[in-house]
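This report describes how two chains meet and then looks at some single residues. Keep the sequence and the structure in view while reading.

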Amino acid sequence: MTTSTEPRRVTRTGRRSTPDSHGFAARPYDLVKEFVVALIVVTLLTVGLAAAFSSPDEKAITMRDWANAAPNDVVATAAGELAGTTTSAGFGPPYNTAADGASLGPLTLQKWAGVTIPLDSAQDLVLTPLGGVTDNSTLTDALATWQSADADQRTQWATDYSDALAQAPDGDPSAVATGDYGPVPVITASFLTFAQTGGLEGALTSSGNFYGGDQTRSLLLLADGAYLEDQARARNLGGDQWGMMNETGNYPGQPWMWLYTFWYQVPPFSTSENADALVWGLMMLLTLGLVLVPFIPGLRSIPRWVPVHRLIWRDYYRDHPRR
Amino acid sequence: MTAVHAGRPPAATPTSWTARLRERLSHVVPPGQALPDRQPAYMSSWIYVFGVLTLAALVVVVASGVLLTLGGVTWWHVSSLGRFVNSLHLWSVELFFAFMVIHLWGKFWMAAWRGNRALTWMTGVVAFVGSIGTAFTGYLSQSNFASQWISTQAKDGLNSVGVGAFFNVLNPAQMLLWHVVLLPLVLGVIVVLHVVLVRRHGIVPPIDADEEEVAP
């Protein structure tokens, strides 16, 4: 402890500069003891909360679950992948060049990052997995027909079939209007059967790789369908339900993400096709602002204007009335 | 260094870079301030507890996370003990964030960046943002429905600003490594830096307070 004898320093704005904390009266305070007590309290609290409330663990949706619960959705998704109309097929970077993606004004960051995870939705999510099925001559013929057709013909077949499925009651493939869909109905029906038998999962995640640690393909396929979102919405996890901030079941989830998910609930973000980039841009700006608060005039003065500090240091201000 | 030289007072001006490094590190935190047994008398508010509580919760987070790694990725889905350890991890994280947010708000209203403490504030905010990233990758590593939904939603935001090209939230093996190695390492360094800065500069005095005449 030192005794300060220097005169009070005054800044250019006339405001007193902050004195060194070591120049103030001191009192006994054991920091090690405080930390040990805090550690014991937090450990007991954690054990108590864990014992009382456990933790959420809703089982992952398998491709078989999806195929059995929503077969029409699987068929529609497979047809959409062939037609190039799914989210992943038209996503743009980092999966393909079908679109430029989102932008922040003139900054096309998504495009600049490039295609680092190349994906041909029709080939990688539908045709390649089905190529491993060897005991189905009808499917083999259908795949051969598809491969021998030109790109325009393929797109025509798949688009017509997708449209017909959308028109059929409940998207039921058996109720689709008659038309020229080429091999698409056989391919999509086989895709459904393959998924129902449980073969699709491995074909997507570990094809050509014994250790299938990368779920990119299966997650993109699942997200291209409607079933995943339906299940999420039923658990109040939709984008307009504050999304990722929530947790399955009655658990607190990630409340620290409230500001990020908040923007998606209000205009112009809630109505913009470019909302993801706008929200991310805004959050990066706000985060930078939070980091630089000490240097931002006005913002750094808010604590002086709103006297919460007089509650925090009420003992000090009581003993040292403002002069 | 030989036994004869050990214990000899350091030279006034260190000549080698190792000596200069030792000299510099020895001055990072003033003597007696690393783990003090005295604090300024104005430190008389419950708000001061939350920094230490945040640190204590982080210890529990790391400890429960280490326990969780013992059984592997799928352990906690199939074992009641694993589930309980996962619950410890979840609730310690919830407490960690609750304490940290209160600590952050408290420091904001105290304008705790005053008196050359801007870097203390900045490392604290970076630790907060880094903690969000670490928790996020934890959710992606759970290999359950929440992971499926969060990853497929998050990819849109991350890809929209180009981050997804290098940080693939749909690859749980990649996310698990970020969660258990990369981010904890970075976060650990930032937290150590933050705590050292706090101890180095001491706790911020009240707004508009003057130094007092203190009897030696």
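## A loop with a cis bond

A:Pro268 sits in the loop of chain A between α12 (258-263) and α13 (275-291); helices (H or I, at least four residues) and strands (E, at least two) are DSSP runs, numbered from the N terminus. The peptide bond leading from A:Pro267 to A:Pro268 is cis, with omega near 5 degrees.

A cis bond also joins A:Pro93 and A:Pro94, where omega is about 10 degrees. A:Pro94 belongs to the loop between α3 (71-83) and α4 (109-113) of chain A.

## About the model

The model is predicted: local features need pLDDT of at least 70, side-chain atom pairs count only at pLDDT 80 or more, and totals for chains, interfaces and linings use all residues. Residues are numbered from 1 along each chain as its sequence is written, chains are lettered from A and ligands numbered from 1 in the order in which they are written, and side-chain values use heavy atoms, with hydrogens and water left out.

## Where the chains meet

Chain B brings 101 residues to the contact and chain A brings 108, contact meaning heavy atoms within 4.5 Å. About 9,400 Å² is buried between the two chains, 67% of it from carbon and sulfur atoms; buried area is the accessible area (1.4 Å probe) that two parts lose on being put together, summed over both. B:Trp91, B:Phe145 and B:Trp149 supply 9% of the area that chain B buries against chain A, more than any other three residues.

Strand β1 (residues 26-28) of chain A and β1(B) run antiparallel and are joined by three bridges; strands pair if DSSP finds at least two bridges between them. Within this pairing, A:Arg27 stands opposite B:Gln39.

## One salt bridge

There is one salt bridge between chain B and chain A, that is, a side-chain nitrogen of Lys or Arg within 4 Å of a carboxyl oxygen of Asp or Glu. A:Arg304 forms a salt bridge with B:Asp208, their closest N and O atoms being 3.0 Å apart.

B:Asp208 lies in the segment after α7 of chain B. Its phi is near 65 degrees, a positive value in a residue other than glycine. B:Asp208 is partly exposed, at 26% relative accessibility (buried is under 20% relative accessible area, exposed over 50%, partly exposed in between; 1.4 Å probe, protein chains only).

## A buried histidine

B:His194 is in helix α7 of chain B. B:His194 counts as buried because its relative accessible area is 17%.
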